[in-house]
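Visitor: I am new to this structure. Please show me how to read it.

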Amino acid sequence: MPSATQNRLLAALPPAELERYFSGLRPVSLTQRQVLYEPGASLAYVYFVEEGVVSILTKMADATTIEVGMIGIEGAVGTAVLLGWETSRQQALVQVSGSALRMNAAECKAAFDQSPAVRAVMMRFIEALFDLSAQTVACNRLHTIEQRCARWLLMARDRLQDDIMPMTHEFLASMLGVRRAGVTETAGELQRSRLIRYHHGRLTIIDREGLEATACECYRIDHNLFMRLCDAEGLGLPEKIKSFVRTRTKNAPRPKHVEV
């Protein structure tokens, strides 16, 4: 495998375990809107994300979708195979282009079964992904489109480590499971509040703290999960991410709560 990796799951493993079980990793490109898995598709590979963001979507009978999970450098796509599933239950869609290290699913399952270290690292991520999905269900039911949109943008920003991201109203509506008109109105309000700037399919976060204050409490929960998975002190993160961790864990504004 490559001598250095941005993926935090692989970075958390002892070098001997990496050498023994993960020599078959191969770098692949992830292009925006690329579908890694469709519901019912065979789980042939596990993708350890190095750069970019992948959305996990639940797809309904009428082809509408809603995001139930988001994966960046902190995780991997296709981990259901480690729990014994042979086919995907959700759609995995590349939200922002990047790269990954791809591994044969059977080989990854063998590493999971044979190595306590691999199993501990992967189970920590799988548990976090379950927690994220559960929180997203509650968020979709209880919070406003504006709060959910702010949360989603911040989650993507955490994983990209960049305030600029490619985005269309149509795509964001699909992620949030709402009508495009609702997203257009919400994005317009965020822009008028000078929290974001949107121009020709490119969205820029210009007031991150203001966007955090607009988001629901679900963002802080996800942010804390993401930081625990990244474990800045223990995993030798790149300086860019260490700086991000330091600035975002000190004096962060408390997000608004919604009474229902």
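The dialogue below takes up a pocket, a helix and the cysteines.

Guide: This is a predicted model, where local features need pLDDT of at least 70 and side-chain atom pairs count only at pLDDT 80 or more, while totals for chains, interfaces and linings use all residues. Residues are numbered from 1 along each chain as its sequence is written, and side-chain values use heavy atoms, leaving out hydrogens and water.

Visitor: How much space lies in the largest pocket?

Guide: Rolling a probe the size of a water molecule over the atoms shows where empty space is left. A pocket is an open set of points on a 1 Å grid over the protein atoms alone, where a 1.4 Å probe fits, with protein on both sides within 12 Å along at least five of seven lines; lining residues have an atom within 4 Å of a point. Here the largest pocket holds about 470 Å³. Its lining has 23 residues, and Ile56, Ala80, Gln90, Leu129 and Phe130 are the closest to its centre.

Visitor: Which element gives the largest share of that lining?

Guide: Helices are DSSP runs (H or I, at least four residues), numbered from the N terminus. Helix α4 gives the largest share, four residues.

Visitor: Is helix α5 largely enclosed or open?

Guide: Buried means under 20% relative accessible area (1.4 Å probe, protein chains only). In α5, 14 of the 16 residues are buried, so the helix is largely enclosed by the rest of the structure. Just after α5, Gln161 takes a positive phi of about 55 degrees.

Visitor: How many disulfides are there?

Guide: A disulfide is a pair of cysteine sulfur atoms within 2.5 Å. The whole structure has zero. The sulfur of Cys218 lies 3.9 Å from the closest cysteine sulfur, in Cys216, which is too far for a bond. Cys218 is buried, at 1%.

Definitions and conventions. Buried means under 20% relative accessible area, exposed over 50%, partly exposed in between (1.4 Å probe, protein chains only). Grid points are joined across faces, edges and corners, and a volume is the space filled by probe spheres set on the points. Helices (H or I, at least four residues) and strands (E, at least two) are DSSP runs, numbered from the N terminus.
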